[in-house]
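This report is for a reader new to the structure shown below. It goes through a few local features in turn.

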Amino acid sequence: MSTDTPSLERYSRQMRFHGVGEAGQKKLLASRVTLCGCGALGTVLANSLVRAGIGFVRIIDRDFIETHNLQRQVLFDEDDVAANLPKAEAAARKLRRINSEIAIDSVVADIDHTNILDFVKDVDLVLDGTDNFEVRYLVNDAAIKLNKPWVYGGAIGSVGQTMTILPGQTPCLRCVVETSPPPGMAATCETAGVLAPTINVIASLQSTEAIKILTGHLETVNRDLVYVDVWDNEFRRFKISKLKDKVDCPCCTQRNFEWLDGKMGAHTTSLCGRNAVQVAHRSASQLSFASLAETLRGVAQGQVSHNQFMMRFTAGGHEFTVFPDGRAIIKGTNDIDRAKTLYAQYIGY
Ligand SMILES: [Zn+2]
């Protein structure tokens, strides 16, 4: 054997599987994937991809590791928390020890409409490891525009969902979920909690879809919206393929990329000298203070108070002032990324 060619021995059990083989393994090694988000779903995805021999993996995440992440974010440990490492960097260090043959591009950044195309344009596939619909719609716009397959995944509590988007062949995310729930209407991991097995099931389905797509087995790709409740033992498949071309989708039919164009999504500013950040959302509907107060019960520290004009509560050590249009002022930080994370955690979008 030439010393220039890395041995395929480490992949021998995967190559023995009929759907992969040596030819499939070589395709995986030549493949490039972008992973958006490296939290719960993202760490399980990255672990699977790198061990499977996906040749290039770009990992994008804006957050740092906290102790309460360790329950489910499988690539991190207590040393990473103590070292105050960003998730993308800690993941890359761990993954390079797992498989040094893989090129890992760790990016500590907030994904937004100004950078998503650059993150996606040079890869074969995009995987969703995020916890919010804003990034998912951005990924969806970018993937449809650039004709890249992507795999959606989401998990909360004991419930998870996934679907695979093959541009031009299957419905896109907006064909199925045209608008995200307005801020405050969606449960988050902070408000509803999450079981690690929920994450592992969904990320495992997503990883398998990645292997199918990258080895060229499009005929076996999942064409349904898959719904799993690991607590109540529900496994459902929603037939969504008929939605393709039936709904007048703003994204894949009209090719009106509203998220990519910056017409939708958050608009965040640091409030100078106030140690506070304002996070605004271009949301069509009004926030329901009553339902947000309900989701914050047991999560907020102290009283959650609201009148018709504003709502105030403290969570995660920060005071939130929230307005009916979804805008929030988060005190105790000047860090825009941190404020966006807090918004996603306690208000949700
Ligand atoms: Zn669509």
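## A threonine and its contacts

The side chain of Thr43 comes to 3.2 Å from the backbone nitrogen of Val74, and to 2.8 Å from the backbone oxygen of Gly39. Both are polar contacts, meaning pairs of N or O atoms within 3.5 Å; within protein, one atom must be able to donate a hydrogen and the other to accept it, and residues adjacent in sequence count only if both atoms are side-chain atoms. This is a predicted model, in which local features need pLDDT of at least 70 and side-chain atom pairs count only at pLDDT 80 or more, while totals for chains, interfaces and linings use all residues. Residues are numbered from 1 along each chain as its sequence is written, and side-chain values use heavy atoms, with hydrogens and water left out.

Thr43 belongs to helix H3 (residues 40-52); helices (H or I, at least four residues) and strands (E, at least two) are DSSP runs, numbered from the N terminus. Its relative accessible area is 0%, so Thr43 is buried (under 20% relative accessible area; exposed is over 50% and partly exposed in between, with a 1.4 Å probe and protein chains only). Leaving aside residues up to four places away in sequence, Thr43 touches Cys38, Arg72, Gln73, Val74, Leu75 and Phe76, where contact means heavy atoms within 4.5 Å.

Cys175 and Cys249 are both buried.

## Helix H7

Helix H7 (residues 133-146) has 14 residues and reaches 20 Å from its first C-alpha to its last, close to the 20 Å expected at 1.5 Å a residue. The expected span is 1.5 Å times one less than the number of residues. H7 is mostly covered, with 12 of its 14 residues buried; among them are Phe133, Tyr137 and Ile144.

At the N-terminal end, Asn132 caps H7, with a side-chain oxygen 3.1 Å from the backbone nitrogen of Glu134. Just after H7, Asn147 takes a positive phi of about 60°.
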